[in-house]
Amino acid sequence: MFPSMPQDGDRDAWDADPSRETARSGSRSSSGFYAGAPQSESGVISGSTGPDGEDGDSDDFEIPEVPVRRQLSVAIAGFAALLGVGLILGAQTSGPDARTPYAIVIFGVQILFVLAWTMAMRPPAPGLVAGLAVVAGVLADYLAVTTDPPRLLPMIVLVLVATGLAVGAQFAMRTNRLRVRDALATTVLIISGVVAFAALIALTRKPVGTQAVLVCLSATALALTIARLTDAVFPRPRIAPQVARGATGVILGAMLGTLGAAVLGSVLVLPFTPAKGAVLGLVAAGIAVLVDLAVNFSEAGRNMAGAAPTFWLARHMQGPLGAFALVAPVAYALTVFFLS
């Protein structure tokens, strides 16, 4: 049987997703790589044969490149820049007795993270996982505001408890055990990513934490923005045919993100120096571009496997949100163990 075609509501707003065509070509006999090949009555494609009737070399074809959509790359770059500006300004406007407004900003980003990653990764019982992730995010924000002294250990315990509840509830709903086991990493990523944003609130309560947030998040936003804008102009050399990203953008984004953090380190007060700012920027920018790239590879893998396409807005927001989520606890750790 042929797979069903996706509905129009699943198509991208910018353009048709050619990666789905690449994924679909593996299950159709007369399209994709084998278009125009002779086909027998049994439906089997007849490849090239040698003089003795042996099959020819199956490695003679090349995987077609997924085209880069420039408008989409520019839109993702703008979203990453706006997300970074919102998180940085929220940290700069928070005070010793005014952490709640920043917690509200963080909670809004956590909601976006839950929606994007749940719709993109599709764990078993997605509504249950999303609900537990939102509750864990609220509790993490409360702990980040009220715990004295601020620390990450209660948040780590919260991630473990919420993950255990999610897995137990999935088993209780009689979900396939093999599917629950295979999706365990997805459940952990969604819950831990939501809780990780609360580390930014705890970091602003440290003596030099607000400046560390400025340096790390500026490097993250700059790296993601430059990488995506470069892909819109020069997406070469291609990292993989199935992934619409270029190595130039990834490298340039990490380099300019590090440079921007070094410049900030030169104008901030002690203990910041250009060298320390460069170290923080190198770690943050490197993590950001790698997480964003890993999300692209994950989406390409789902498309090639023939998985149902996710909501277009969710999968395009997934990379920048995941990058900022991972940078948040890393910035906290760098502040505690490197700057202090």
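Reader: Is F197 buried or exposed?
Author: This is a predicted model, where local features need pLDDT of at least 70, side-chain atom pairs count only at pLDDT 80 or more, and totals for chains, interfaces and linings use all residues. Residues are numbered from 1 along each chain as its sequence is written, and side-chain values use heavy atoms, leaving out hydrogens and water. Buried means under 20% relative accessible area, exposed over 50% and partly exposed in between, with a 1.4 Å probe and protein chains only. F197 comes out at 0% relative accessibility, so it's buried.

Reader: How many aromatic pairs are there?
Author: Rings of Phe, Tyr and Trp (its six-membered ring) pair if their centres lie within 6.5 Å; planes under 30 degrees apart are stacked, over 60 edge-to-face, and the rest tilted. Go by that rule and the count of aromatic pairs is 2.

Reader: What kind of pair do F113 and W117 make?
Author: F113 is buried at 2% relative accessible area, and W117 is buried too, at 9%. Their ring centres sit 5.3 Å apart with the planes at 20°, so call the pair stacked.

Reader: And which kind is F113 with F197?
Author: Here the ring centres are 5.9 Å apart. The planes stand at 70°, so this pair is edge-to-face.

Reader: Which residues form the aromatic cluster?
Author: F113 turns up in the stacked pair with W117 and in the edge-to-face pair with F197. The one cluster is made of F113, W117 and F197.
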